[in-house]
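I opened the model to look up its pockets and its core. My notes follow.

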Amino acid sequence: DTEIDWETYVIQLELYLKGERDYALITGPTGPIVYPAGHLYVHQLLYALTDSGSNIWKGQQVYGALYLATLAVTAAIYKQAGSVPNWALLLLPLSKRLHSIYVLRLFNDCWAVFAAQAAVFAFARGADAVGVLLLGAALSVKMCVLLYVPGLLVVLFKRRGLAATALHVLALGATQLLAGLPFLREYPRAYLKYSYELSRAFLFKWTVNWRFLGEELFLSSAWARGLLAAHVATLALFALFRWCRSDGGVWTVLDKGLRQPLRAPAVAPLSADYVTTVLYTSNLVGILFARSLHYQFYSWYAMQIPFLAFRTKYPIGVRLVIMAAIEYAWNVYPSTNLSSSVLVTANAALLVGIYFGYPEGKAVYRRSTKTD
């Protein structure tokens with residue numbers, strides 16, 4: 001058998017189908033359910049398509065179709081944003097690890113990633129209401145989608161203004177209430193504890209990114225606090241010094257937005273390039289400073305890496321080395337001190353390259369050089 005969590009997903013779903021609404025009691029062979037209710041709804045559909053979860057071959061076919069659909073949406077995002085050579089699209093389906101995550105392992109991350117990519121496409125087109133619904137659908141499957149929210153707040157604030165941003169955030173929260181309603185009505189505390197568990201601890205044996213630190217430091221609360229501080233600080237650096245440069249700086253944007261909360265403070269309409277770059281970068285920041293990355297988490301950003309590489313000013317050879325290094329690290333099992341060091345270094349190099357490259361996308365850069 002190639003699946004890892006499928007059996008657990010099915011057993012957890014069957015408890016739900018039998019009427020269990022207490023999240024604390026919905027468990028399987030690998031432990032209790034740790035995902036929001038959208039995870040159960042997705043697997044309720046898969047349960048019907050796979051002969052009550054017993055036909056894994058059918059499940060693999062569904063995941064193969066999902067993989068192709070995610071590729072198609074990603075290609076559409078690249079075309080819409082522009083400034084990525086056509087040959088870079090050929091890199092998207094080459095990842096051995098990604099094939100495994102989708103078609104062999106059947107991880108639920110794949111559903112969250114598909115909906116999140118569709119949301120990015122919608123936001124980049126200016127269809128923010130649709131984007132919120134799609135991002136809400138993704139978030140209802142897995143909490144990792146929260147990594148996009150800091151970048152999304154910048155996009156919405158610049159494009160819509162303060163009042164509309166608040167409404168969109170409330171709408172995103174409403175999608176989560178709606179998804180969790182059957183559980184929130186009966187056992188709200190258990191649902192909130194297990195579905196959005198921010199304090200969840202990960203096992204050292206599965207970590208792909210921080211193996212080189214050693215188990216004692218990896219498990220320490222001080223290290224967790226340090227990563228959180230670095231995550232927030234890095235987002236602050238992008239927000240303060242990069243994501244608002246084309247509009248006169250963050251203080252200009254904030255001043256306009258707070259003085260006239262019903263109006264958009266952005267000087268020019270936000271391009272698809274800008275929106276995609278900011279959302280993908282926000283996601284990458286969270287991945288770099290994640291307390292632990294497991295193998296299936298590669299799906300969170302694997303198809304975004306070529307795009308982000310072309311938002312750096314590195315020579316093409318360096319970009320290719322960074323992309324190859326990331327793929328190498330994710331394909332080493334079990335992870336080693338070397339592979340985890342390579343992964344963190346490559347992720348960091350990619351993020352630094354964006355910071356000093358085209359953090360607002362290349363379209364903004366081209367526009368600014370024409371007006372200088």
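For sorting residues, I count Ala, Val, Leu, Ile, Met, Phe, Trp, Tyr, Cys and Pro as nonpolar, Asp, Glu, Lys and Arg as charged, and the others, Gly among them, as polar. This is a predicted model, where local features need pLDDT of at least 70, side-chain atom pairs count only at pLDDT 80 or more, and totals for chains, interfaces and linings use all residues. Residues are numbered from 1 along each chain as its sequence is written, and side-chain values use heavy atoms, with hydrogens and water left out.

Largest pocket. I took a pocket as an open set of points on a 1 Å grid over the protein atoms alone, where a 1.4 Å probe fits, with protein on both sides within 12 Å along at least five of seven lines; lining residues have an atom within 4 Å of a point. The largest pocket holds about 830 Å³. I found 27 lining residues, with Met143, Leu198, Phe202, Ala290 and Arg291 nearest the centre. That lining splits into 18 nonpolar, 5 polar and 4 charged residues. H11 gives the most to it, 4 residues.

Second largest pocket. I read its volume as about 700 Å³. It has 28 lining residues, and Asp5, Arg200, Trp206, His294 and Gln296 lie nearest its centre. The lining divides into 15 nonpolar, 7 polar and 6 charged residues.

Tyr23. I looked up its contacts (heavy atoms within 4.5 Å). Leaving out residues up to four places away in sequence, Tyr23 touches Ile33, Tyr35, Pro36, Ala37, Leu40, Phe183, Ala190, Tyr191, Tyr194 and Ser195.

Key:
Grid points are joined across faces, edges and corners, and a volume is the space filled by probe spheres set on the points. Helices (H or I, at least four residues) and strands (E, at least two) are DSSP runs, numbered from the N terminus.
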